[in-house]
Amino acid sequence: MEPFLIVLAIIVVIAVVVFGIYNGLITARNRVKESWSGIDVQLKRRTDLIPNLVETVKGYAKHEKEVFENVTKARSAMMGAGTPGEAEKADNMLTGALKSLFAVAEAYPDLKASDNFKDLQGELSDTETKIASSRQFYNANVLDFNTKIQTFPSMIIAGMFGFKEAEFFEVEEADRKPVEVKF
C-alpha cells in the first residue's frame, strides 16, 4: 500500500505544478490582452481627434489636398487594424501623415495661433504620450508572457496547450532616427 501512496503523491505534486504553470500562462496572456486594449483605447482616441484637427487645418490650407488624403487613409488603416502588427504599421503611417499635417500648419501663422488648433494639438500630444506609455506597458507584458513560454518547465506546458508568443509593438526604423530641429 505504501508504494501506491508514493506514486499518488508524485502524481498530485505533478498535477499541482502543471496547474500552477498553466494558470501563470493564462494570467500572463490575459495581461497581454488587457495591455493591448490600453493601446487600442488610446489609438481610438487619436483617430477620433484627427477629423477635428484636419477640418481645422483645412479651413486655412485649402490647397493641401494630398496631405489631407494621406491623413484620412492612415486614419482608416488604423481603424481597420486587427492585430498588433497591423496596428503598428498603421500607427507608423499615421504618425508620418500627422507630421506632414503639422508641417503644413507651420506655414500658416493664423492657424498656429488659433485656440481650436492649439487645443487639438495639445490633446493629440497628450494622447501620443499615453500611447507611448501604453506601448511600453504592453511590451513589458509581452516580454513576461514570451519569457514564460520560452523557459523550462513552462515551455512544456505552453506547448501542450498551444500557447503562442505575442507580438511586440515596435517602432518603425524611420522613427528611430533623431529629429532634426531647424531654427
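Is the crossing of helix 3 and helix 5 left-handed or right-handed? I find it left-handed (the near helix is turned anticlockwise from the far one by less than a right angle; clockwise would be right-handed).

I note that this is a predicted model, where local features need pLDDT of at least 70, side-chain atom pairs count only at pLDDT 80 or more, and totals for chains, interfaces and linings use all residues. Residues are numbered from 1 along each chain as its sequence is written, and side-chain values use heavy atoms, without hydrogens and water.

**Helices 3 and 5.** I looked up the angle between helix 3 (residues 84-106) and helix 5 (residues 115-150): about 155°, with the axes 13 Å apart. Helix 3 is therefore roughly antiparallel to helix 5 (angles over 145 degrees). Helices are DSSP runs of H or I, at least four residues, numbered from the N terminus. Axes are lines fitted to C-alpha atoms over the stretch in contact, and angles run from 0 to 180 degrees between N-to-C directions.

**Helices 1 and 2.** The axes of helix 1 and helix 2 (residues 65-80) come within 10 Å and cross at roughly 165°. That makes helix 1 roughly antiparallel to helix 2. This crossing is left-handed.

**Salt bridges.** I searched the whole structure and found seven (a side-chain nitrogen of Lys or Arg within 4 Å of a carboxyl oxygen of Asp or Glu). One joins Lys 44 and Asp 48, at 3.0 Å, N to O. Lys 44 and Asp 48 are four residues apart in helix 1, so about one helical turn separates them.

Conventions
Helices (H or I, at least four residues) and strands (E, at least two) are DSSP runs, numbered from the N terminus. Angles under 35 degrees count as roughly parallel, over 145 as roughly antiparallel, 65 to 115 as roughly perpendicular and the rest as oblique.
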